[in-house]
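I opened my notebook to see what this structure holds. Come along as I look things up one by one.

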Amino acid sequence: MGLLSEGSPLSWEETKDLADHVRRHGIKQFINLYHRLKTRTGDVLKWGDEVEYIIVKFDHDKKTAKASLRATDILPVLNEKEHNDPENVKSLWRPEYGAYMIEGTPGKPYGGLLAHYNVVEANMRLRREEVQQLLQPGEALMSLTSFPRLGCTNFTDPPSTVTPAEGTTRSLFFPDDCIYPGHPRFKTLTRNIRLRRGEKVAINLPIFKDSKTPSPYVEEFPQAPAGQPDATSAALPDHVYMDAMGFGMGCCCLQLTFQACNIDEARTLYDQLTPLCPIMLALTAASPIHRGHLTDVDCRWNVISGSVDCRTKEERGLEPLKNNKFVIPKSRYDSIDSYLSEQGEKYNDVPLIYDEAIYDELRKNDIDHLLAQHIAHLFIRDSVSLFSEKVHQNDEEDTDHFENIQSTNWQTMRFKPPPPNSSIGWRVEFRPCEVQITDFENAAIVCFVVLLTRVILSYRINLIIPISKVDENMKNAQKKDAVKTQKFWFRKDITTFSSPPACTACCQSSPDAKTDSLDCYTLMTVDEIINGKAGEFPGLIPLINSYLSGMDVDADTHCSIQQYLKLIQRRASGQLLTLAGWMRGFVRNHEDYKQDSLVSDLINYDLLMELNAIQSGEKACPELLGRSLQSRTQESIPTAVRKAAGEYT
Ligand code: ADP
Ligand code: MG
Ligand code: MG
Ligand code: MG
Ligand code: MG
């Protein structure tokens, strides 16, 4: 979340009345920044990761593991170092939605040397140690996508209580005290999303039906306030019902940001990485348990999408349009709806919803069709968090109103313009991945994606398929065991960059192959996409290896990169389990599990203890990590390596 706008939040009524004001000035600000920065060029590759963590409190006597609401104690201490020495800190820490969460990034972005890939993991480890020092006995910092018993009775330490009839969330499960209290943004967003929608958010995930799960599975909610049928009416049978922003925004993820050399390269990377989003979601699947239930999905994506779905009934198409302008197919948290580059244009096959007046305004100001429709589409949303100090701005210089809308469109990819008065260039953020339990895995994912951007740019490969097919892939990516069971639309011939030849030959050769009037895409497994298919598809990792073979790299970095790529290859082939697969298996084999889909306090405790032992390296987990995979990560790039790369000449 773009943070740091401090101040006093306006009420929902005030915010709502200023919706057009924010949009009008946000668009002006974008136009100004665009013309100021459109010709900015020559920026070098810089990149960085963001990892979100949960603070867990174990009670070894009672055998419980709780979400520890201590971010407010820990963050100020972490931030002090940054405050005192912003240039030299090794890590930066930011609040996240949950009072039990924090987000860490490297102190400085990484650069273009291959040797940077070898410091990512060590920096992640350092960050973990930094927080660990501030923890109390029994506490652990865990990079866990979702806390398995989030929203179950007594899931926090200290205990907190739900207030279904009053307060910010009105959830039956998620107490307001679990929202990070140190910054007003989080509660304000929660309240405004609920008020804009006109009711609580509603998330229903299909339950995993085990042999003793009641059928239909219907829950009672004794905590629901009397006389308020709305409090439970959205709950569907055979589903795990969740009713709060915290179920989604209280999840953790792994994000990556890259700087491009100029705006065109940023548009290319934005487009080319889009088809990778569902593939990486399936490959990083790490959250099969929600609100103490095994579910039929392996990922957080639909939970978080539903958790901030501020659309009204009219906008969701449930009532005829009267007070609202548009029927909107997706939540403001979802996969992107349009490509931005010329190569992508013809694959924009989903009708884009936007305000004609905003689009026209952008076009009148010399912003091209693709960018104008992208921005106009983001701007169908209302502001859901506005601070009194920020209402009146200088549109020539400030970008807060633009960022207000931009940063609350939480999509798979984000196109990030340079911030005002900074040395930062045009950037692209890759946002679908679930966070993994070990630094090794997270570093592997980060390095894989960054390497892929290099391959995309160097080899000019083209991964673009119609947006509608990416949407379809996003749905399938979240299914249980998607890596092993699902096939995904993927571009068949990725080496033809533009105006590809007619593809009748390849399309006829396979029953899965489909052709649109433009190009060829086909159904592939994650294994085929990542590892290749003889004679048909080269595979992304073989392409990365081919790219690397022409590069000069020091031995340690080479070794680490190979270990990371092997992990990705083995996850893709199914030889190693996804974390979701491993967790599901752990629960189902636990002696306290009653084949009824329920994850008890004891199972939760044992599961998190086991994961904590794996993440700290105390315990091996060959099913997840292989037997011998290990990097040679280092805290800094050796001087000799820098010299060899010509950095100190
Ligand atoms: P947000 O939460 O808005 O996505 P953060 O500041 O939390 O933003 O994270 C931004 C990420 O971008 C971090 O990993 C950081 O290291 C990285 N980063 C910082 N500066 C640059 C830059 N110039 N180019 C690319 N990435 C950068
Ligand atoms: Mg975050
Ligand atoms: Mg961040
Ligand atoms: Mg963020
Ligand atoms: Mg981010």
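This is a predicted model: local features need pLDDT of at least 70, side-chain atom pairs count only at pLDDT 80 or more; totals for chains, interfaces and linings use all residues.

**Metal sites and a covered helix**

The site links distant parts of the chain: Glu50 belongs to strand S1 (residues 47–59) and Gln255 to strand S9 (residues 254–259), 205 residues apart.

Then I moved to the magnesium ion (ligand 2), which is 5.3 Å from the magnesium ion (ligand 5). Glu52 (OE), Glu96 (OE) and Glu103 (OE) are its protein donors, and they lie 1.9 to 2.1 Å from it. Their spacing in sequence reads E-x43-E-x6-E. Here, too, I noted a link between distant parts of the chain: Glu52 sits in strand S1, while Glu96 is in the loop between strand S3 (91–95) and strand S4 (101–106), 44 residues away. Both Glu52 and Glu96 are buried.

Which residue bridges the magnesium ion (ligand 2) and the magnesium ion (ligand 3)? I found that Glu103 does, with the two ions lying 4.2 Å apart.

Last, I turned to a helix. H8 covers residues 276–283 and is mostly covered, with eight of its eight residues buried. I listed them for you: Leu276, Cys277, Pro278, Ile279, Met280, Leu281, Ala282 and Leu283.

Conventions
Residues are numbered from 1 along each chain as its sequence is written. Chains are lettered from A and ligands numbered from 1 in the order in which they are written. Side-chain values use heavy atoms; hydrogens and water are left out. Buried means under 20% relative accessible area, exposed over 50%, partly exposed in between (1.4 Å probe, protein chains only). Helices (H or I, at least four residues) and strands (E, at least two) are DSSP runs, numbered from the N terminus. Donors are N, O and S atoms within 2.8 Å of the metal (3.2 Å for Na, K and Ca); water is not among the atoms, so sites may look incomplete.
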